[in-house]
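Subject: Handing over the structure, with notes on what was found

Dear colleague,

I am passing on to you the structure that I have been going through, and I would be glad if you kept it open while you read the notes below it.

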Amino acid sequence: MKSFMKSPVSISVALAGGWLILLAYIFDLDALRTQVLGWVVLVAAAGLLLGVLNLAAVHFGKLRSGTRNALYSFLLIISMFITFVVVATLGPGHEASQWIFTNIQLPVEASLMAVMAVTLVFAAARLLSRRTDLFAILFVVFAVITLAGSGPLLGFNIPLVGDVLRPWVTQVLAGAGARGILIGVSLGTIATGLRVLLAADKPYGA
Amino acid sequence: MNFADIFGGFFAALFTFLIFSYALGDNALFRMVVHIFIGVAAGYAAAVALHSVLLPAFNSQPLSSLVVPLLWIGLLFTKLSPRTAVLGNPASALLVGVGAAVAVGGAIQGTLLPQLAGSASYFSPERLSAAFGDGRFGDALGLLFNGAVILVGTVTSLAYFHFGAQSRPNQVPQRRRIIEIIARVGQGFIAITLGVLFAGVYSAALVALIERLDSLFNFVGRLARLF
Amino acid sequence: MGYASDDLPDWLKDLGSSSLPSEPEPERRAAARAASEPVPDWMASPAEPPARPESIFGDEEEGEGDVPDWLAGIRQAEGRPPDAPPPSPIQPPAPQETDNGDWLESIRKRESGSLPASDLPADDGDFMNRIKAMQSEDSAGDEDASQDWLAGLPTPEPAADASIFGGESPGQPDWMSGIQGEEPPPIEDKPDWLKGVGSGIGKGFTGDLPAGGPAWMDAPDAGADDGPLWPAEESARASEAVSQEFPGLPKEPAAPSWLGDLQPTEPSSGGAFTASEFEEATSEVFKLDSGELPDWLAQISPEDALPPPVEPQPAARPSGTPFDTGDLAPAELPSWLQAMRPVGPVGLEDLPEAERGEEERIGPLAGLAGVLPAEPDIVQFGRPSSASVGLQLNDVQRTYAVQLAQMVAAEAEAHPPRRISLALPQRAARLAIAILMLLFVAAPTYLLGNFSSLPQGPGQLPPAEIQAALDIANGLNAGDAVLVAVDYQPALAGEVEAAAMGVIDHMIIQGARLVMLSTLPTGPGQIQHFMTGTQSLNHPDYQLNSSYYNLGYLSGGSAGLLQLANDPRAALPVQLDDGRDVWAEPALAALFRLRDFKAIVVLTDDADTARAWVEQVQPALVDPLSGATTPLLVVSSAQAEPLLYPYLNNEPSQIQGLVAGLRGAAYYEANIRELNARRYWDAYGAGLTLGVATIAVGAVLGLSRNLLGGRRKTAGGRK
């Protein structure tokens, strides 16, 4: 109640919008829901724009402060500005925009992911050196089984591992744990969402 | 293969090598490339949001229907300044409130109820009678066994996330003994799940490495054909 | 028939008047007193404390003409004039060295001139003096507050004190001894009818009372109507019943001889509102006819009159304490006080000693255990000590609190980017793994060629989820619209595109029109990259905006997906380059709902993204009338695979087909034609081999080292 008096508009907006959407799962409120969701889609896109502006402002501040990492901030701002101007004016489907995406963004991201392959193997190989308990052993054993059943080892598919063992492990054993995780995640989502919808949590600055 | 392709291929190869240099250790070139990537990704995302979402919406709708969304957007942009940031709270509240409702509704109708029902569906009379009726006793027994494993795994995994504990004076709060035992079983299932997930992540990273090497070899091959 | 106040002793009159709701307000009483009989000499004497307690206990102060008759009787018995100050209603504190004399005696001496006023002890035994002294020490603000509070203090009843605290205490003045011995005579000296009454009261005190107190308290508000408290017939019946039950009870109870001296004097008339008028007014409430019993006596049931059962007596106070009840029989507790004792399912006697609470040491309830403490909490005139807000923590809680504070503080600190430094052997090992991996991956692709077999051999059936995906694609006809969500990051474009290539290729072969969108900002570029970089090689005439459509980016995350499920056209108001509405295109003109698409294909690298599609979109794919479901096919990275099986294997399934990772793609391509999955398959196998071998060797080495190390430690410990 106290916080409601402090920021009644924000809380009212959150509750009204939220409960309207929630009630639309039950009652026929499609028109109203479409209207509100249309606003949210636009505001979310504007929020993305706002986030990028904030990132630029932060690095511009670093650039002005002349710290040791100012060069990195300079590169970030320049690349951001050029990309924004090109893509926003020409559109993402234009060749210039596609060139930026194909030759800068995609190779860098994919390379970062590729480097992770080395890191993952290295970490997994050291796992039992650092920690030897039942769960670490289970982790490593079933990771190896799954990998061994995912493709050919030395050019050959290991009998039964890829056809029988791996599917059973991934769909039954791991599937059971995954189902528990999914239910747990949904319960957590519901609890967190309801706290927002009951104004117990106000992560919008109220 | 035009100049843009050659130039672009060169850049892509260069960036790939510089990122791979991280295997030797963190270095300045790696950081430079990462900052360039962040700038490009952010600029690209902002431009797409403007070009693909905001401008089409403003072009396709009459001004009268844009008053409210423009008001929300205007309020949101007041957050750029700390002095006026409080004015943007209602717009943030709209995003949060609607997002929470969408998440709650989706979680209930899309995951919670179907998965709870699905955990028991292995024991449904229809499925079992179908298997037994066709004389596929092995399938029926397998169905029962798998269903039992999934049911146990689901319940125990959920119990692992149960953190309610009894508080005793001057002692660390502990879960009940029975919950602790069930949670240990669930921990085993989760360890298996994480092991399988790890294998999936490694597979994905491996294919990413393969794709990068493939593109490098392609570029070199095409470049070689030019000369 | 009413009760005549003349027939009732004063102390009983006071009892009744103080307990009734129609009791006059203290202010009114004070006004009545202020009507002013002259102040007696003893009150005007210099030894009188300046702050008189009459503001609180105004009733105890009587004018000269209002000296209680019983006191007058005592004085007469002692041969003294009836102008001595009345006794303090409260027991004096424990006698001090200078105060163990009879203070009343010293007053008498002073009155008679034998003792100077200055020789009077400073502490007259009146605790109100102490209260005043405490007040004077307080700050001004506190004083105001305390005085406000004092204004609401109830008026104690001197007679009640006399009856309750009849036990002699070491510091008790002589006059109290006299009262003890005279007024409430010993039980043996009581008349028969009073013996019964006393025992009844005692039983009522020790036993349970009905909730709400005695019946006389439930009587109609006497102040509301000035009529008698008790209807005449009722009183007559009650009186008759009492007389039948108690044959010894006289019908015309003449006042006992010991009460004869205590008859009240005739009320004086004079003044605007004199004390006598006030007394008369209050006595209206208690119109007691001479022949009637007081109502509190009339309410005593016959059972109450029976001799009380032997009950365990409350633990006696340590002897020697100022308020030691001594031989006080519980039967002497007046009925009005019974209403003040806590009423509950358990009597005080049933409670263990520790639960009865501390005995009250001051005020009208002094000597009683289990009552709300008056002195420590109420009679505190000083500034209350500030309430402690500190928590009582044990060691474990304190440790947790410190850890939490450290965690919060660490979160607030800005950490510079941390350089990961590894020991030289570890860096060498990581470098060796990197080099080996590059060799293992590169060599098969460009040196060895296709040497690995696909997972599905000739004549074998694909897994069920792959077969379902094949069936969905096979079910498409030329011109069927398929919604394709390109929801993967560029980081995993290699894997997801390889996995999706077979599926999309199959659909294009079937003649489907792809309507593509993305919920990621990188989506538009990703769609373009996927279609121009892969499909255009195999299907050069499959062109944008004629064969397939790029609807671009759908913002809002899950909310955007819900909007898409609700109204696709409102969610994606896309215009072509020439300004035309994309939904007006002939291929899309018939699409208004998601169910109008023949299939939904989600290309994703993230289980959460797939989950969002299942949660928000999949329910909209079910026709509520026919129950027919538009199939949802997911092509995912291998890292999302385990979390998608619960949706796939559900009953009914929420995902109708799944192609996960390069392995799934290899199965799919084995049934259509070989594309990128086949191209990557050998390198993939080599990378898996290296990964499995490295992890297995590392695990065996680590396990053996730890086990051997543990044994050595154990052996070392034994030595």
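Predicted model: local features only at pLDDT ≥ 70, side-chain atom pairs only at ≥ 80, totals over all residues.

**Chain B against chain A**

The contact between these two chains takes 103 residues from chain B and 95 residues from chain A. Together the two chains bury about 8,800 Å² between them, and 84% of that area lies on carbon and sulfur atoms. On the side of chain B that touches chain A, helices H1 (3–20), H2 (28–60), H3 (67–77), H4 (89–121), H6 (137–160) and H7 (177–226) of chain B each supply at least two residues. When the residues of that side are divided by class, 71 are nonpolar, 27 are polar and five are charged. How many salt bridges are found across the interface of chain B and chain A? The rule finds zero salt bridges there, while the count of residue pairs in polar contact between chain B and chain A, with both at pLDDT 80 or more, is seven.

**Chain C against chain A**

Here 64 residues of chain C and 57 residues of chain A take part in the contact, and the area that the two chains bury between them is about 5,200 Å², with 66% of it on carbon and sulfur atoms. On the chain C side, Asn566(C), Arg663(C) and Ile695(C) lose the most area to chain A, and together they account for 11% of what that side buries.

Which residue of chain C forms a salt bridge with Arg166(A)? The partner is Glu641(C), and the closest N and O atoms of the pair are 3.0 Å apart; the count between chain C and chain A is one salt bridge. There are also 18 residue pairs in polar contact between chain C and chain A, again with both at pLDDT 80 or more. Several helices of chain C each supply at least two residues of the side that touches chain A, among them H18 (424–448), H25 (641–648), H26 (661–671) and H27 (676–718), and H27(C) gives the most to that side, with 15 residues. By class, the side of chain C that touches chain A has 31 nonpolar, 26 polar and seven charged residues.

**The sheet in chain C**

Chain C holds an open sheet of six strands, in the order S3-S2-S1-S4-S5-S6, with parallel pairing. Its edge strands, each of which pairs on one side only, are S3 (548–553) and S6 (657–660) of chain C, and the twist averages 15° from one strand to the next. Strand S5 (residues 632–636) of chain C is joined to S6(C) by four bridges, and the two strands run parallel; Val635(C) has Val659(C) in S6(C) as its bridge partner.

Two helices can be followed against these strands. H25(C) lies across S5 and S6 of chain C and runs at about 170° to S6(C), whereas H26(C) packs on the sheet, touching S5 and S6 of chain C, with a direction that makes about 115° with that of S6(C).

**Two backbone details**

The peptide bond from Glu651(C) to Pro652(C) is cis, with omega near 5°, and Pro652(C) has its place in the loop between H25 and S6 of chain C. In chain A, Leu154(A) is not a glycine and yet has a positive phi of about 55°; Leu154(A) is found in the loop between helix H6 (134–150) and helix H7 (161–197) of chain A.

With kind regards

Methods. Residues numbered from 1 in each chain as written. Chains lettered and ligands numbered in written order. Heavy atoms only, no water. Contact = heavy atoms within 4.5 Å. Buried area = accessible area lost by both parts, 1.4 Å probe. Salt bridge = Lys/Arg side-chain N within 4 Å of Asp/Glu carboxyl O. Polar contact = N/O pair within 3.5 Å; in protein donor to acceptor, adjacent residues only side chain to side chain. Nonpolar A, V, L, I, M, F, W, Y, C, P; charged D, E, K, R; others polar. Pairing = 2+ DSSP bridges. Axes fitted to C-alpha atoms, helices over the stretch in contact; angles between N-to-C directions.
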